[in-house]
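My entries follow below the display.

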Protein chains: 2
Amino acid sequence: MTPPPPDDRTVPARPDPAWWSGRRVLVTGGLGFIGSTLAHRLVEHGADVVLVDSLVPEYGGNPANVADITDRVRINISDIRDPHSFRHLVQDREVIFNLAGQTSHLDSMRDPFTDLEINCTAQLRLLEVCRAAAPQVKIVYASTRQIYGRPDYLPVDERHLLRPTDVNGINKMAGEWYHILYNNVYGLRACALRLTNTYGPRMRIKDARQTFLGVWVRLAVEGRPFEVWGGEQKRDFTYGEDCADALMLAAERPETDGRIFNLGGDGIVSLTELAELLIAANGGGRFEVHEFPAERKRIDIGDYYADDALFRETVGWRPATPLAAGLAATLAYYRETLPRYL
Amino acid sequence: MTPPPPDDRTVPARPDPAWWSGRRVLVTGGLGFIGSTLAHRLVEHGADVVLVDSLVPEYGGNPANVADITDRVRINISDIRDPHSFRHLVQDREVIFNLAGQTSHLDSMRDPFTDLEINCTAQLRLLEVCRAAAPQVKIVYASTRQIYGRPDYLPVDERHLLRPTDVNGINKMAGEWYHILYNNVYGLRACALRLTNTYGPRMRIKDARQTFLGVWVRLAVEGRPFEVWGGEQKRDFTYGEDCADALMLAAERPETDGRIFNLGGDGIVSLTELAELLIAANGGGRFEVHEFPAERKRIDIGDYYADDALFRETVGWRPATPLAAGLAATLAYYRETLPRYL
C-alpha cells in the first residue's frame, strides 16, 4: 500500500458546526449509503435535514440506514424523476446534496434509457426546478471517477480527458455539466465532486450493484470466502464519513462554486492488497482470485487513483480514516446489523 | 487572414467513386444544409441514398435543398425521435451519416428537454436500433466544436478538455460518446467529426438559427447592410462540399472506427475580416459592427479554431475550397435561389 503524501499530515479541515446549525438541507438519495452517512453528520451538526429517496429496490436506499435518526430528520419518499414533489421540497432549502442516481454500470448497458432518465433528464429537471423555486440554494453534485474511463496517466487529476466506458459514465458526465452550466449561466450555485470508490457502514452489501467491496464485507462477516476478480488493479478508497465531510465542506465554501473536484482516499491499494487488509481487519477469512470475466473486461478501466490536490488545497479536506481502520469499523457495523442489509 | 500551413499543399484525398458506387447510405437530417450537400456528393458518386428528415420548421431541413436530385434519392420524412420508422429504414444500409440534431444554442437554453430528447435520447435509440437491426453499418456522427467551450489554447486539438457552455453542447457531448461507446462495446462501427463553422450553398439563411453567416449572406444578396457582433473573434470555416468529402472519407476508412476528429477549415479569420471577404466576394455591400449583447456574452467562447492535423493525417483530407471562393459560390447560389430560402 502506498502511503499518503507527507503534506497530508496537517490538521484536516472539518465541517463548521456554527455554519451547519439550523441550516436547511435536502439530500437526494438520502437513504442510500453516502446520503444516509451524510445525514448522520448533518444531524450531529444540528442541521434541518430532509432526506428524499425513491427506495427503488435495486438502488441504494435502505430505511435501516437512518433507523437511529428518524426522529431527527424528515424523510420524503419520492423519485427524482418526479418534478412535482421536488418543486415543493426544494423551496425553502439552503443546501442540496444531489446524490440520487442510477449507479450500476451493467444496468446502464442493459437499460440505457432508464439510466438516461435518472442521470440526465431528472438532473436537468431538478436544476430547472431549483432555478424557478429555489434560486438561493447551493447544490453539491456527486459525480464519479467513472467518467474518466481508462486513465492515460496516474494519479488522475481534473485535467484528464473524460472518456466514459459505459452509458452510465456518459450520462453522469452530462449530469455533472448541467450543474456547472446552471452555475455559470443562471448563478444557481453548484459544484461537483468526482467520487472514487467509497465504502463504510450503510453501503449496499447484499449484491455487487454498488461496489464489489460490499459483497466482500458481507461474506467476510458471514465467515465465507469471497472472490477477487483480477486482483492487480490499483484503486483508492474513501471512507463514508470522510466523503460526507468533503461534501459538507464543498457546500460551506463559496470558492467551490462552479468547480469540479476529484475526491481521493487514504493511499492506494491493489484489489489483492485490499482483500488482505479486509481479512486482517476481520481477524480471519479467505478469498479466491479469479480471472476477470470477458463481459467486464470490455468496460474495465485498469488502474485508477485520484489526484485530489485541488480539493485538498481549496477546502483543506483530507481523509481522516486510514483504510485499515475504516474496514474494521465497517465490519463491526455489519456484524451488528447484518440481517437488515440482506 | 492566416494562410493554411504549407504541408496542406499536397493533393487532398477525395472520396473513392468505386467505393461509393451502389453503396447503400442513409443520411439523417438529409434535407438540411450539410445533409443535402452530402446527398449531392453521394449521388455524384453513384450511391443508393435515403434521406431522412423531420422537416421541423425551426430546424435545417428544406425540400429546396434537394429539388434538383429528387429523382435520384429516396426521401423519407420522419423524426429521429421515432424509433419505429428507423428500424425499417436502417436495416439494409451500409453507411449512416447521422447529422440530425437540434443545433440552436439559445433554443437549448429555452427548452433543454427538447434538446435532450433529440440530441441524447434519440441518438441512443438510433444506436440501439442499429445494434439490433443493422449491426453491419458504419455510422459517421456530426459532432461540434461547441462542446469544447472556451478554449484554453489555440488551435484546439482533440486533447483539449470538453467544457460545454450550453445545454446543446452538453447533450452533443453525450451524443458523441454514445457513438464511441457503441463502437467500443458492441462493435457497431462509428466515428465522430467535430465540425467547426460550416457554410455554403443550402445553409439556412432566413435567420441566425444555424449560423450568423447565413443572415449575412442573405442581406448581402439583398443589398442590405448586415450586423457584425463583436468582430474580433477568430474562427475557421469549412465549405459545405469540403465537409461532405470529409464525412465520406470518414465513412470509407476503417481506421476512423471508434475515433473522434476535429474538422477545421481554410485558414483563420476574425469576424470583421470575414465580413470584409464577404463584401469583396459580393462586389459591394456594407456592414455595421455592434457590441456583443449581454445574453450571448455569458455563453460566448471567444476565439476558436481547430487543429485538425489528426484527421488530415489519418485520411489525407484537406479543404479544397479557399474561403473567398467558397463565399463567392455561396453568394452566387443564393442570387439564383433566394425566394426558396426565405
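Entry one, a strand pair. I looked up strand β6 of chain B, residues 189-195, and found that three bridges join it to β11(B). β6(B) and β11(B) run parallel. At one position I noted A192(B) opposite I260(B), which belongs to β11(B). The model I am reading is predicted.

Entry two, the whole sheet. I asked in what order the strands of the sheet lie. I read β3-β2-β1-β4-β5-β6-β11 in chain B, an open sheet of seven strands with parallel pairing. The edges are held by β3 (74-77) and β11 (260-262) of chain B; each has a single partner strand, so one side of each lacks a neighbour in the sheet.

I found α2 of chain B, residues 33-44, lying across β1, β2, β4 and β5 of chain B. α2(B) runs at about 170° to β2(B). I then looked up α8 of chain B, residues 240-252, which lies across β4, β5 and β6 of chain B. Its angle to β6(B) is about 155°.

How many residues of chain B are in contact with chain A? I read 22, in contact with 22 residues of chain A. The elements of chain B that give two or more residues to this side are α5 (112-133) and α6 (167-186). α6(B) gives the most, with nine residues. By class, I noted 17 nonpolar, two polar and three charged residues on the side of chain B that touches chain A.

Notes:
Residues numbered from 1 in each chain as written. Chains lettered and ligands numbered in written order. Predicted model: local features only at pLDDT ≥ 70, side-chain atom pairs only at ≥ 80, totals over all residues. Pairing = 2+ DSSP bridges. Helix = DSSP H or I, 4+ residues; strand = E, 2+ residues; numbered from the N terminus. Contact = placed C-beta atoms within 7 Å. Axes fitted to C-alpha atoms, helices over the stretch in contact; angles between N-to-C directions. Nonpolar A, V, L, I, M, F, W, Y, C, P; charged D, E, K, R; others polar.
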